[in-house]
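Here is a short note to read beside the model, written for someone new to structures. Please keep the picture open and look up each residue as it is named.

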Amino acid sequence: MLLLTPEEMGRADRLAAESGIDSYGLMIRAGHAVSAAFLRLYPAALRADVLCGPGNNGGDGYIAAEALKQAGVEVALFHLGDPENLKGDARRAFQACSIDGKPVEDYRPAAGAVIIDALFGAGLQRPLSDALCMLISQVNEAAEPVIAVDLPSGISGLTGKVQGAAFSAAHTVTFMRAKPGHFLLPGREHCGRLDVFDIGIPQRILEEAGGGHHLNGPDLFASALPALTASSHKFRRGHLGVFSGGPSASGAARLSATAGLRTGAGLVTLAVPPNAAMVVANQVTAVMLKAVPDVAALDEWLEDKRLSAFVLGPGFGVGEKARAFVSALASRPLVLDADGISSFADEPDALFALLSGADPHCVLTPHEGEFARLFPDIAADDNIGKPEKARRAAERANAIVLYKGADTVIAAPDGRIAINANAPPWLATAGSGDVLAGIIGGLLAQGTPAFEAACAGAWLHGQAAKRAGEGLTAEDLPNHLPPLSGVS
Ligand SMILES: NC(=O)C1=CN([C@@H]2O[C@H](COP(=O)(O)OP(=O)(O)OC[C@H]3O[C@@H](n4cnc5c(N)ncnc54)[C@H](O)[C@@H]3O)[C@@H](O)[C@H]2O)[C@@H](O)CC1
Ligand SMILES: Nc1ncnc2c1ncn2[C@@H]1O[C@H](COP(=O)(O)OP(=O)(O)O)[C@@H](O)[C@H]1O
Ligand SMILES: [K+]
């Protein structure tokens, strides 16, 4: 699903105005969506406390306040700054509002009221003042429900970051399209339940204004998933190679291998150091085994062109052997995870050189610590959010970067960005990342392009976790993957 950044939403606004759409009409519909949400969600509320800011977010608030008054609700109105300074549509909305307001400095939360937060939305530009931070923390502590207009004030719609302080809303009402900040952390947690209302901007304008950011879901990858046909044969379903660590460190690679097989790879082979062969042989059945002691053996194995993708990293061990193996694998579809990433901490440029020059066919799957090892300067840049960090990393590495976390972001060197939001918190369990690497490897092996494989992998991983339920362990995940033929 297309997401719009605040800047893109502003562009959509301008394009809508240029095409003859009445911008005040948009504001009226936005304000009415907010008042309707209040009436639907809180029919027993004693009062609506509407807090209006100095821009169009405040304008939506004035429209909502008047509509609630007309519906018979007791409304208390508070404004930030002098409302006589309001401009454009917000000024018109203020003038059309028949409620006398007070300065927001006078506001004290009271029991039984529902707060409508119309202080700042897409136009938030800098951290909030100390006085506003204090007000917001009082409201959050009072724990009366907050309905946020567009975004909880204090949350950046671009990055999801808190600018000083932010309301913890029970509901957020936004318009036309959600923004990245609704799904990125900590923004997602401040939004409560998110409702997106259509206020009448045509789809073609939204598509012209936006394009980079998407919410991850089947619309991004379903058409690129492998489809089974009557003539399918295991050799046509791809052969995934997964590299294992030594005898005491093979569990992670076994998890990846099982996940790759469950995702539909026709064949999966665990490549093991010879001293791990017996241990691993005792643990696997459908997954095959091959002793690959060194790079010479790997080069020989790679002559088999039916091997169509690889996973390297889970439990592999950090060091020279990993770097040498990656060097041999760099031109093939590859998921580089965990130790495979950390092995390049001292020389990330060596990895980027290996991956440069071809169509991106490698998926890097760092968690926060691994990301900082490969991209220390990007990780340390506090001025940008997670999607931009992932995008810059993808561009630098010429690879798909799947930046893990509760708000996993997938980015491609060409600028495509997907934010994944279907993962339940119980996915934070040992070995779940190894399963994710295997799912993506299984898709790469079947010919799914790298960006789509990474997006599908993150989404399928989240769905499997939901289906397995709370208390799952990583071993449960492959058994709960949804059938690919049902993904649409
Ligand atoms: N298509 C759309 O996008 C529509 C948007 N509407 C509303 O318009 C809003 C965006 O309006 P604006 O662009 O006017 O932006 P906002 O109303 O979010 O905020 C802009 C105002 O806040 C001030 N400001 C920014 N950060 C501040 C800070 N930290 N401390 C104090 N003041 C600060 C700015 O100087 C400016 O006056 C949306 O969030 C939405 O609620 C609706 O009216 C309907 C249509
Ligand atoms: N709070 C959370 N909510 C949802 N998913 C999470 C959360 N924390 C981590 N995850 C996901 O769980 C997986 C953990 O992977 P990783 O950090 O590599 O752990 P491990 O090495 O133990 O497998 C990632 O896919 C990550 O996105
Ligand atoms: K708001």
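This is a predicted model: local features need pLDDT of at least 70, side-chain atom pairs count only at pLDDT 80 or more; totals for chains, interfaces and linings use all residues.

1. Residues are numbered from 1 along each chain as its sequence is written, chains are lettered from A and ligands numbered from 1 in the order written, and side-chain values use heavy atoms, without hydrogens and water.

2. Ligand 2 is surrounded by 18 residues, of which K404, G405, G431, S432 and G433 are the closest, where a residue counts as near if one of its heavy atoms lies within 4 Å. By class the shell has eight nonpolar, eight polar and two charged residues, with Gly counted as polar and Asp, Glu, Lys and Arg as charged.

3. Which residues make polar contacts (pairs of N or O atoms within 3.5 Å) with ligand 2? An N or O atom in the side chain of K404 is 2.7 Å from an oxygen atom of ligand 2, and a polar side-chain atom of S432 lies 3.1 Å from an oxygen atom of the ligand. Taken alone, ligand 2 exposes 570 Å², and the protein buries 75% of that, with areas from the Shrake-Rupley method and a 1.4 Å probe.

4. Around ligand 1 there are 23 residues, and D13, D60, G121, R126 and D150 come nearest. The shell divides into 13 nonpolar, six polar and four charged residues, and helix 1 (6–18), helix 2 (23–41) and helix 3 (56–70) each supply at least two of its residues.

5. A polar backbone atom of N56 is 2.8 Å from an oxygen atom of ligand 1, while a polar backbone atom of Q125 is 3.1 Å from a nitrogen atom of this ligand. Taken alone, ligand 1 exposes 870 Å², of which the protein buries 81%.

6. The count of aromatic pairs comes to eleven, where rings of Phe, Tyr and Trp (its six-membered ring) pair if their centres lie within 6.5 Å, and planes under 30 degrees apart count as stacked, over 60 as edge-to-face and the rest as tilted. The rings of F221 and W459 have centres 5.7 Å apart and planes at 55°, so this pair is tilted.

How values were computed: A polar contact is a pair of N or O atoms within 3.5 Å; within protein, one must be able to donate a hydrogen and the other to accept it, and residues adjacent in sequence count only if both atoms are side-chain atoms. Helices (H or I, at least four residues) and strands (E, at least two) are DSSP runs, numbered from the N terminus.
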